[in-house]
Amino acid sequence: MKIWKLVSGIMSIVFSVVVCAQSFAAGIYNSLADTGEVSGSAGLIVAVFLLAGGIVSIATHASDKKGGSIACLIVFVLAALMGYTMAGHYTDLNVWATWCLICAVMALIALFARKKPSQNPAA
């Protein structure tokens, strides 16, 4: 799970930059077309959650404690809910929300995964 946390954290940080750029474009479109949607703003919030989840995931990837997994779970679930419920015409937000959901499920698995007992031949 340590490798997954590190890789997903790096990917989440990179994806947050992409989501931020796409959200600016979606927000400008929503304003110019006067659609009344908030998908651009929701995308920015998802980008912030992705960035926060990625940072927490990287910072706690080597820890055996459960606090990092709980924090990642909460942040990624909030991002997924925000993405799915407020996507509107910005349908790429569903893709990013799916990534957040995958990260949340993996954080849940990491939360309940047992650490293998160390095999110390000297003991």
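Which residues line the largest cavity?

Figure 1. Overall arrangement of the chain. The predicted model contains four helices and zero strands. Packing of helix H1 against helix H4. Two packed helices are described by the angle between their axes and by the distance between those axes. For helix H1 (residues 2-33) and helix H4 (residues 92-112), the angle is about 160° and the axes lie 11 Å apart. Because angles over 145 degrees count as roughly antiparallel, H1 and H4 are roughly antiparallel to each other. The crossing of H1 past H4 is left-handed.

**Figure 2. Residues at the contact of H1 with H4.** On the H1 side, the contact is formed by Trp4, Ser8, Met11, Ser12, Phe15, Val18, Val19 and Gln22. On the H4 side, the contributing residues are Asp92, Trp96, Trp99, Ile102, Cys103 and Met106. By class, the residues of this contact comprise 10 nonpolar, three polar and one charged.

**Figure 3. The largest cavity and its lining.** The structure has one cavity of 30 Å³ or more, and the volume of the largest cavity is about 60 Å³. Its lining consists of Met1, Trp4, Lys5, Ser8, Ser57, Cys72, Phe76, Cys103, Met106, Ala107 and Ala110. At least two lining residues come from each of H1, helix H3 (67-85) and H4. The greatest contribution is that of H4, which supplies four residues. In terms of residue class, eight of the lining residues are nonpolar, two are polar and one is charged.

**Figure 4. Surroundings of Leu73.** Leu73 is located in helix H3. Apart from neighbours within four places in sequence, the residues in contact with Leu73 are Ala104, Ala107 and Leu108. Leu73 and Met11 are 62 residues apart along the chain, and their C-alpha atoms are separated by 16 Å.

Definitions and conventions: Residues numbered from 1 in each chain as written. Predicted model: local features only at pLDDT ≥ 70, side-chain atom pairs only at ≥ 80, totals over all residues. Heavy atoms only, no water. Axes fitted to C-alpha atoms, helices over the stretch in contact; angles between N-to-C directions. Parallel < 35°, antiparallel > 145°, perpendicular 65-115°, else oblique. Left-handed = near helix turned anticlockwise from the far one by under 90°. Contact = heavy atoms within 4.5 Å. Nonpolar A, V, L, I, M, F, W, Y, C, P; charged D, E, K, R; others polar. 1 Å grid on protein atoms, 1.4 Å probe; cavity = no way out; pocket = protein on both sides within 12 Å on 5 of 7 lines; lining within 4 Å. Points joined across faces, edges and corners; volume = space filled by probe spheres on them.
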